[in-house]
Amino acid sequence: MKRLLLPLTLLLFLVLEGTAMDFLPKEWLLADYYIIPHWVLVVLTYIAIFYDFDSTYYCVLYGIIFGLLIDLIYTDMLGVYMFTYGLVIYITHGLKKLLHSNVFVTLLLTMIAIVTADTTIYVLYSFIQATEMVWESYILMSLLPTLAANVLFALVLYPLLPGKLQEWSESQLKRSNAI
Amino acid sequence: MPSFFRNKRLILILISIILLVALIGFTMRDRDNLTWPEEFLQDTIGGVQTVFHTPVQFVTGIYDNIKDIRQTYEQNQMLKARVSEFKDLLIDVKQLKKDNEELRKLLDKQENMSDYEEIPATVIARSPEPRWFKQLTINKGKRHGVKANMAVITGDGLVGKIQSTSAVTSTVQLLSGFDRSNVIHGVILGGEDDKDQYGLIEAPDDKQKDALLLKKIPYEAKIEKGQTVVSSGMGGVFPKGLLIGKIEKVVIDEYGLTQTAYVEPAADLYDINHVSVVDRASYSPSLDEPPSTSKEEDSE
């Protein structure tokens with residue numbers, strides 16, 4: 001039962017992403033800024049930092065599964081989020097081994113993850129759909145507001161999530177290692 | 001030994017890229033139906049979304065409610081003034097409807113392109129990817145009679161069409177997300193010279209984000225700002241007479257042969273909660289099953 005807590009948390013944020021547009025005032029949506037909630041990615045980064053050990057790769061597995069779910073539910077194109085989230089979380093997991101985890105490192109890693117993921121998604125989509133959005137306007141109109149909004153979200157989560165994740169990590173992963 | 005690991009990693013990345021390309025290739029085709037795993041997952045998550053949507057809607061609605069309450073008095077005054085106008089209009093409409101029906105009976109013509117049935121639905125999620133996928137999820141699906149390509153309207157006008165359906169949820173493509181492969185045949189209702197002009201509604205361009213493009217209007221047509229655009233029913237997909245929007249401005253297209261109009265959508269494409277899915281009554285050869293089954297039964 002306890003093992004289900006982590007996927008359920010991710011599912012909760014996946015569903016809430018669909019209502020994220022309601023949280024923003026309508027005037028912002030009408031303006032030319034595109035703010036994209038990467039809440040699942042933020043939670044996945046936390047999982048990579050606080051839940052996984054150096055030798056376990058649960059975060060990458062969850063990244064692939066929930067990336068696929070986002071593709072399925074919110075877009076028409078399968079594979080883009082799945083590939084991006086898997087890759088980005090793998091990189092984050094690698095970087096985490098090099099740095100000692102504290103608030104600043106966590107935020108830095110979250111920012112790297114969001115920027116890499118959003119840019120990769122933009123590049124992949126512009127290959128497929130020939131979007132007319134140019135680089136300059138993408139960075140100004142989409143990447144920067146998205147980064148700001150998601151870092152804010154990560155900050156809100158910081159007092160709540162890491163403690164819980166470490167608790168689950170100790171009770172779940174240690175036991176499985178012992179077996 | 002390390003080189004082996006490096007190779008393994010390389011192979012893994014190569015495989016995942018191949019998988020990515022294969023999946024994208026599979027989903028990029030114009031598909032009418034989803035595969036069953038997709039349908040199953042969409043319905044399951046749709047159920048969870050329904051549970052969460054109502055409380056979130058309540059919380060985020062509080063701000064709007066306060067704003068509404070502050071404007072109530074002014075609105076009330078204005079609406080009272082307009083109600084009396086509508087009374088006259090209502091009598092006229094009733095009379096015309098009756099006339100229309102009688103005349104139709106006289107002609108023995110039952111089918112009408114503007115007839116449709118409505119399936120009410122509630123929005124349960126909006127795609128968090130607003131750059132490319134302007135999509136909504138609604139809580140009605142195949143089981144309620146929703147099919148792909150049906151028009152979706154709100155009280156104010158057309159907002160989009162059904163893109164794909166599963167058993168109890170469906171995905172709506174908003175007007176602002178239409179691309180070149182799905183255009184609407186629209187008609188500009190006559191202005192001063194009382195002549196209707198036809199054109200094709202396409203997705204908005206990047207310069208003017210909120211306006212739709214109405215393309216391929218004849219060069220000679222005289223169109224003014226403020227004229228109304230409705231669906232023509234000629235495409236066979238949407239019924240006739242669904243309100244699309246108002247003309248904002250008209251320009252000559254890049255080749256100088258036709259005109260392009262910017263249309264401001266009548267419905268608010270950002271604040272959508274309740275919609276109706278429109279099932280047109282008239283038969284369309286390209287979309288419906290041929291209605292020949294009853295005849296065959298008769299002959300047997």
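Of the 300 residues of chain B, 38% count as buried, where buried means under 20% relative accessible area, exposed over 50% and partly exposed in between, with a 1.4 Å probe and protein chains only. The model is a predicted one, in which local features need pLDDT of at least 70 and side-chain atom pairs count only at pLDDT 80 or more, while totals for chains, interfaces and linings use all residues. Residues are numbered from 1 along each chain as its sequence is written, chains are lettered from A and ligands numbered from 1 in the order in which they are written, and side-chain values use heavy atoms, with hydrogens and water left out.

The secondary structure of chain B comes to 3 helices and 12 strands; helices (H or I, at least four residues) and strands (E, at least two) are DSSP runs, numbered from the N terminus. Among contacts in chain B (heavy atoms within 4.5 Å) between residues at least 6 apart in sequence, 57% join residues at least 24 apart. N149(B) is found in the loop between β2 (135-138) and β3 (151-153) of chain B, whereas K216(B) belongs to strand β8 (residues 212-218) of chain B.

Chain B is divided into domain 1 (38-110) and domain 2 (116-280), with bounds that come from an automatic or database domain assignment. The C-alpha centres of these two domains lie 17 Å apart. At their interface, 8 residues of domain 1 of chain B are in contact with 12 residues of domain 2 of chain B. The two domains bury about 830 Å² between them, 42% of it on carbon and sulfur atoms; buried area is the accessible area (1.4 Å probe) that two parts lose on being put together, summed over both. On the domain 1 side, E39(B), D43(B) and H53(B) lose the most area to domain 2 of chain B, together 51% of what that side buries.

Polar interactions are found at this interface too. Across it there are 6 residue pairs in polar contact, both residues being at pLDDT 80 or more. A polar contact is a pair of N or O atoms within 3.5 Å; within protein, one must be able to donate a hydrogen and the other to accept it, and residues adjacent in sequence count only if both atoms are side-chain atoms. The side of domain 1 of chain B that touches domain 2 of chain B has no nonpolar, 6 polar and 2 charged residues. In this scheme Ala, Val, Leu, Ile, Met, Phe, Trp, Tyr, Cys and Pro count as nonpolar, Asp, Glu, Lys and Arg as charged, and the others, Gly among them, as polar.

Now to the salt bridges (a side-chain nitrogen of Lys or Arg within 4 Å of a carboxyl oxygen of Asp or Glu). D54(A) forms a salt bridge with K96(A), the closest N and O atoms being 3.8 Å apart. Because D54(A) lies in the loop between α4 (39-51) and α5 (58-74) of chain A and K96(A) in helix α6 of chain A, the pair ties together parts that are 42 residues apart in sequence. D54(A) is partly exposed, with a relative accessible area of 44%, while K96(A) counts as buried at 10%. In chain B, the pair of E39(B) in helix α2 and K142(B) in the loop between β2 and β3 links distant parts of the chain, 103 residues apart. For this salt bridge between E39(B) and K142(B), the closest N and O atoms are 2.7 Å apart. E39(B) is buried at 16% relative accessible area, and K142(B) is partly exposed at 39%.

Helix α6 (residues 80-98) of chain A also holds H93(A), which is buried with a relative accessible area of 0%. A polar atom of the H93(A) side chain lies 3.2 Å from the backbone oxygen of F53(A). Beyond neighbours within four places in sequence, H93(A) is in contact with residues including D52(A), F53(A) and D54(A).

Between the chains, the contact takes 38 residues from chain B and 47 residues from chain A. The area buried there is about 4,200 Å², of which carbon and sulfur atoms give 68%. The count between chain B and chain A is 0 salt bridges.
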